[in-house]
Amino acid sequence: MKKIMSVILSCCLIAIISGCGNDEKTAASSTNEGKHKEKQTSDKSNAKLPSIVFESDSKNETLSKSQIHKSIQRYLDTNENIYKVTSNIEEKIWEHKPLTKKEADQLEEGRKLEEKNDQNFANYIEKNKLPNGYQKETNRLSEYFTAYNQTISQLGDHVQKLEDETESGLISTKEIKGIVADGSKVNGKQQAKIERFLKKINVKTNAFEV
């Protein structure tokens, strides 16, 4: 899931970096960034949809910090694993490139898994008592990803309709437009708050970057 807010580019003066030490650090940073992108591309090309999503039978319990940390981690890991498959398909849709039936089926299956993952996690944090200071931020996290995933759900609905109407092997996506996430819940400000919260409780995720 790539960051989905608009980025405003502003002009600024850039100081000239001098010295071999700085050049070496810049080169090393570029190399590490390149390796990271290569790994992400490799992970996505080999990705498969998960067979299970977040689930819990806990109800009316007082959750420990350890419990909620593990639950958040599992919820985010599931989202990330789904995004590794669906993000490439999303990009093709936004670029109005045709989809194969296999891609349409993957998007539909990913949509179903996301809905189940979101609903199960939302029920879990609603029906149990979270540690002090966790409820607000965990709700924010849940609402953010649920709102974002609803855009994938809408894409899936459009693709399924187009698939039913197509007579060829490829599904045109040129008519799909105007689908955006709820801006009150999915924006840079909310994302920054979630990332600060996750850093504070030491939960790591690449779900924002897939």
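Analyst: Happy to! Let's start with a term: a residue is called buried when its relative accessible area is under 20%. Keep in mind that this is a predicted model. Glu-80, with a relative accessible area of 10%, is therefore buried.

User: Which residue does Glu-80 meet in a salt bridge?

Analyst: The general idea is that side chains of opposite charge can pair when their charged atoms come close. Here, Glu-80 pairs with Lys-84, at 3.9 Å from N to O. Both residues lie in helix α2, four residues apart, which is about one turn of the helix. Lys-84 counts as buried too, at 19% relative accessibility.

User: How many salt bridges are found in the whole structure?

Analyst: A search finds eight. Another one joins Glu-115 and Arg-111, whose closest N and O atoms are 2.9 Å apart. This pair lies in helix α3. Arg-111 is buried at 12%, whereas Glu-115 is partly exposed at 40%. In helix α4, Glu-137 and Arg-140 lie three residues apart, and their side chains meet at 3.0 Å, N to O. Salt bridges with shared partners also link Glu-108, Arg-111 and Glu-115 into one network.

User: At what angle do α2 and α3 pack?

Analyst: Two packed helices are described by the angle between their axes and the distance between the axes. For α2 and α3, the angle is about 155° and the axes are 10 Å apart. An angle over 145 degrees counts as roughly antiparallel, so α2 is roughly antiparallel to α3. Their contact involves 13 nonpolar, eight polar and four charged residues, and the crossing is left-handed.

Definitions and conventions: Residues are numbered from 1 along each chain as its sequence is written. This is a predicted model: local features need pLDDT of at least 70, side-chain atom pairs count only at pLDDT 80 or more; totals for chains, interfaces and linings use all residues. Side-chain values use heavy atoms; hydrogens and water are left out. Axes are lines fitted to C-alpha atoms, for helices over the stretch in contact, and angles run from 0 to 180 degrees between N-to-C directions. Helices (H or I, at least four residues) and strands (E, at least two) are DSSP runs, numbered from the N terminus. Angles under 35 degrees count as roughly parallel, over 145 as roughly antiparallel, 65 to 115 as roughly perpendicular and the rest as oblique. A crossing is left-handed if the near helix is turned anticlockwise from the far one by less than a right angle, and right-handed if clockwise. Ala, Val, Leu, Ile, Met, Phe, Trp, Tyr, Cys and Pro count as nonpolar, Asp, Glu, Lys and Arg as charged, and the others, Gly among them, as polar. A salt bridge is a side-chain nitrogen of Lys or Arg within 4 Å of a carboxyl oxygen of Asp or Glu. Buried means under 20% relative accessible area, exposed over 50%, partly exposed in between (1.4 Å probe, protein chains only).
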